[in-house]
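Let's learn to read a structure together, one feature at a time.

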Amino acid sequence: MTESLPDRKPSRRDFLKLIWAVFGGAAAVEAAGIFIAYLQPRLAEGEFGSRITVGMVDDFPAGSVTHIPNGRLYLVRLPDGGFLAIYHRCTHLGCTVPWDQALGKFVCPCHNSQFDMPGNVENPPAPRALDLFQLTIENNEIKVDTGTVLQRQAFDETQVVYA
Amino acid sequence: MTEEGNPAPAPRSMFDRMRERLVPDGLPEDDRGRIRMVVNSLVLHLHPAKVPERTLRWTYSWGLGGLSAVLMMLLGVTGIILLNNYTPAVPQAYLDILELRSNVWFGELIRNLHHWSANLLIIVAVLHLVRVFLTGAYRPPRELNWLIGAGMLVLVLAANFTGYLLPWDQLAFWAITVGTSILSYVPLAGEWLSRLALGGPEVGGNTLLNFYSMHISFIPLLIFALMSYHFWRVRKDGGLTMPRGLDEAEPPISERVTTIPHLVRKELVFALAWIAALLVFAMLVPAPLEDIANPDVSPNPAKAPWYFLGLQELLLHFHPLVAGIILPGLAALAVFMLPFFDTNPASVGVYFRSRRGRSLTFLSAGLALVLTPLWVLLDEYLLNWSAWLPGWPALLSNGLIPLAVLLLPLFLLDEWLVRSFKADTEERVLFIAGFVFTAFLILTAVGIFFRGPGMGLYWPWELPVAGH
């Protein structure tokens, strides 16, 4: 016991030290976990995040972009009559992107990212196309599920919903 | 205390005893008394009883650490007063600020004082860091205090950033939206971190409550603890580093003078002068306040708080992972490592280390002064990496490739210094830090003064006037 050789058996003291370290560490991890769990977002029901009814198909002419503020989205009807529900949040740093009717594109005021009507990036710094929400049409009524944000790199035909 | 042979002292009244206990006897008249007073006082004993006269030179430390402490105290006092007129809820927070400005006695003055002290604190804390850097005062044995100081700078920025949201106006809402979105680019945990900070998918009532609680409890408590430790550590590490001129070979021997009055008097006059100046400033210049936050309308331009505009400027030019995470991460790592690889004790206390060090610093700062605006203009009007590299992922075409193109000349310059001039570690540190720091200052200035609607480049006099 006098020499600390590398292969000596653990003493009672070493063992107790180890036990303290293990349980102390576990307690610290638990406390940190509780704190983080406590800070998790608490979402109120019925707010942005639910499934909302936007309107009737015929309310939106082909080639139009309509802002739906309570859904945080643009209802885009492409020139061919197809629908997209585009999240109005810039994929760069989260600013609300206004639709510029004169230019015919979305222009972000924060860092000048620009997107075309289906949401493709025309000018960086935005790293990807504007996000989508799932859109369904039942009995000519347009419904959008704002609970799940669908990320995409770029626009393609499969994203479009037709009446 | 009656003894044989001595007459008993006259009985003292209760009021005499109260006065003796509560009112100090007045200032000590000899050095021994002065030393005893420092040693026996809770606050004063953060100072040593005597200090080398030379370290008291105003032009060495510029009183920057002390001024930071004064500003922290002002912020604590005004912050506590402000708590009485503030509700961290939407939209009541904004209404409370309007009420504070128009209907509360001295409400506007207290708010202005808090606002301007907080902004000044950032400048002063950064200057303090620059002073400590330029005099090599982070070197052994002061490594730990350098790290504590850097940690406090991060906390001061966090305190400013969380406080920025509290008025719940357009300025606050969009600055925090932009600022917290950077978090979502942290690899793997980004979305989760951003939701945790915001308390939801976007800035809202939960964010306000989160930031409020951080701003008034966790951050100030931590700063207070670290500040106390920082002061104590200064004393433990042997006080301020000994100032030395560029031509003095040996650290000079300086006469030691008593802390009272030589140091304490200076500190009190300095603090009083700054408090007076801030009070006048707060009376004359109101803190900005815009319209109530509107999540549907981003103002144009939407800018982060001014101290993050250098970062926002980087975000205009690079992919967010590079501008928001990699570059700040590298800078933080360099600050953290500095006292462990740049350790030469011989040049501690000398501004710029040596004549050659001074020339190198000015050379690199001058280079950055010319190259940074040039690069901003080039990137704005000529360079278009994503168009030149179509089909490449944005992280490469708009991030790592331009970054490599920019860092290469700096690397070559550094190599050239080593080969042609046999530059040693401390000279290379001065050169690179001088370049990077100046470049960041210029980016910040571009963000503040030259970015207008659509984040286009404008002359400062063409910019719309912010606020009301």
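Q: Into which domains is chain A divided?
A: Domain bounds come from an automatic or database domain assignment. Chain A is divided into domain 1, residues 8–40, and domain 2, residues 51–159. The C-alpha centres of these two domains of chain A lie 50 Å apart. Keep in mind that this is a predicted model, where local features need pLDDT of at least 70 and side-chain atom pairs count only at pLDDT 80 or more, while totals for chains, interfaces and linings use all residues. Residues are numbered from 1 along each chain as its sequence is written, and chains are lettered from A and ligands numbered from 1 in the order in which they are written.

Q: Is Asp59(A) buried, exposed or partly exposed?
A: We count C-beta atoms, placed from the backbone, within 10 Å of the residue's own: 20 or more others make it buried, 12 or fewer exposed, and anything in between partly exposed. Asp59(A) has 13 C-beta neighbours inside 10 Å, so it counts as partly exposed. You can find Asp59(A) in the loop between strands S1 (51–56) and S2 (64–68) of chain A. Helices (H or I, at least four residues) and strands (E, at least two) are DSSP runs, numbered from the N terminus.

Q: How many residues of chain A are in contact with chain B?
A: Two residues are in contact if their C-beta atoms, placed from the backbone, lie within 7 Å. Here 18 residues of chain A are in contact with 27 residues of chain B. The chain A side has 12 nonpolar, 5 polar and 1 charged residues. For these classes, Ala, Val, Leu, Ile, Met, Phe, Trp, Tyr, Cys and Pro count as nonpolar, Asp, Glu, Lys and Arg as charged, and the others, Gly among them, as polar.

Q: How many helices and strands are there in chain B?
A: Chain B has 17 helices and 2 strands. Of its 468 residues, 32% are buried. The C-alpha trace of chain B spans about 105 × 65 × 45 Å along its principal axes.

Q: Which domains make up the division of chain B?
A: Chain B is divided into domain 1 (28–298) and domain 2 (300–468). Their C-alpha centres lie 25 Å apart. Each of the two domains of chain B gives 34 residues to the contact. On the domain 1 side, H6, H7 and helix H8 (170–183) of chain B each supply at least two residues. The largest share of that side, 8 residues, comes from H7(B).

Q: At roughly what angle do H6(B) and H7(B) cross?
A: Two packed helices are described by the angle between their axes and the distance between the axes. Axes are lines fitted to C-alpha atoms, for helices over the stretch in contact, and angles run from 0 to 180 degrees between N-to-C directions. The axes of H6(B), residues 107–134, and H7(B), residues 143–165, come within 10 Å and cross at roughly 160°. H6(B) and H7(B) are therefore roughly antiparallel (angles over 145 degrees; under 35 is roughly parallel, 65 to 115 roughly perpendicular, the rest oblique). Their contact has 10 nonpolar, 3 polar and no charged residues.

Q: Which residues of H7(B) and H13(B) make their contact?
A: The axes of H7(B) and H13(B), residues 320–341, come within 9 Å and cross at roughly 170°. Glu143(B), Trp146(B), Leu147(B) and Ala150(B) of H7(B) meet Val335(B), Phe336(B), Pro339(B) and Phe340(B) of H13(B).
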